[in-house]
Amino acid sequence: ARSLGSGFVITKDGYVLTNNHVVADATRITVSTQDGAQYTAKVVGHDEKSDIALLKINPKHDLPVAPLGNSDHVKVGQWVMAIGNPFGFDHSVTVGIVSAKGRYIPGNYDNFIQTDASINPGNSGGPLIDLSGEVVGVNSAIYTRTGSSMGIGFAIPINIVKEELDQLRAKGRVVRGWLGVYIQRVTPDLAQSLDLGTAKGALVAEVLKDGPAAAGGVKRGDVIDAYDRRPVPDPRDL
């Protein structure tokens with residue numbers, strides 16, 4: 001079986017970013033650049049939770065690089081462009097706006113950027129670019145009932161990817177911290193019963209034995225209101 005996807009070069013010597021699901025279980029990976037050259041690529045590292053894979057090709061000359069921006073500065077309503085390989089039509093560019101930030105898709109790790117720029121099968125792994133030409137996201141998924149774009153596409157924020165790059169290069173995988181709790185949303189009824197002013201934070205439903213949270217004194221029924229001085233309005237934020 002053959003599969004098509006997208007990606008973009010992040011270093012002159014040939015490191016390429018794409019989605020993990022584009023290259024998962026592949027026996028051979030070929031990267032085609034816009035000048036018509038083709039390179040055999042190897043997977044340097046990948047992470048299923050964030051759906052990111054880092055590839056390496058060996059070009060004979062320096063490659064043009066897609067500069068990585070700051071996805072925290074992205075605002076709802078701003079214009080963005082998606083570049084990719086939809087249905088095999090390579091190097092296609094579509095334009096839209098950022099429809100929302102912090103979208104959560106069950107089964108995924110990320111808070112996605114939502115865009116109405118057309119993203120179709122084959123766009124996965126391509127860059128979402130702002131008007132200054134910087135990559136603010138990696139196109140990853142679409143919501144569809146027909147198999148093609150319905151104007152609801154999702155991109156992994158580039159800041160999440162930047163946090164993982166060093167580990168992907170050095171270790172081939174991402175090692176994350178572990179808190180050792182099960183958490184749930186604070187509903188208005190729970191907030192009232194716990195004498196909380198508002199329904200926010202993450203309620204600790206269970207503390208795992210011998211875990212870091214247990215060692216730190218966290219107990220069942222605690223409400224985590226902030227982490228590292230950053231507010232936790234919702235369990236997903238924690």
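**Reading surface and interior**

A: W79, V93, V95 and L131 form a nonpolar patch on the surface of this predicted model. Together these residues have about 440 Å² of accessible area.

Q: Where does V95 lie, and why does V95 count as partly exposed?

A: V95 belongs to strand 7, which covers residues 92-104. V95 counts as partly exposed because its relative accessibility is 49%.

Q: Is F112 buried or exposed?

A: A residue is called buried when its relative accessible area is under 20%. F112 counts as buried because its relative accessibility is 1%. This residue is placed in strand 8, residues 111-115.

Q: Which residues is F112 in contact with, leaving aside its neighbours within four places in sequence?

A: Contact means heavy atoms within 4.5 Å. With those neighbours left aside, F112 is in contact with A100, K101, G102, R103, I105, S140, F154, A155, I156 and P157. For F112 and P157, which are 45 residues apart along the chain, the C-alpha atoms are separated by 6.4 Å.

Q: What percentage of the residues in the protein is buried, and how many helices and strands are there?

A: Of the 238 residues in the protein, 39% are buried. The protein contains four helices and 16 strands. Its C-alpha trace spans about 65 × 35 × 35 Å along the principal axes. The accessible surface of the protein comes to about 13,800 Å², and 49% of this belongs to carbon and sulfur atoms.

How values were computed
Residues numbered from 1 in each chain as written. Predicted model: local features only at pLDDT ≥ 70, side-chain atom pairs only at ≥ 80, totals over all residues. Heavy atoms only, no water. Helix = DSSP H or I, 4+ residues; strand = E, 2+ residues; numbered from the N terminus. Buried < 20%, exposed > 50% of the residue type's maximum accessible area, 1.4 Å probe, protein only. Areas by Shrake-Rupley, 256 points an atom, 1.4 Å probe, with all protein chains shown as cover. Patch = residues over 30% accessible without salt bridge, like charges linked within 9 Å, V, L, I, M, F, W, Y side chains within 5 Å. Salt bridge = Lys/Arg side-chain N within 4 Å of Asp/Glu carboxyl O.
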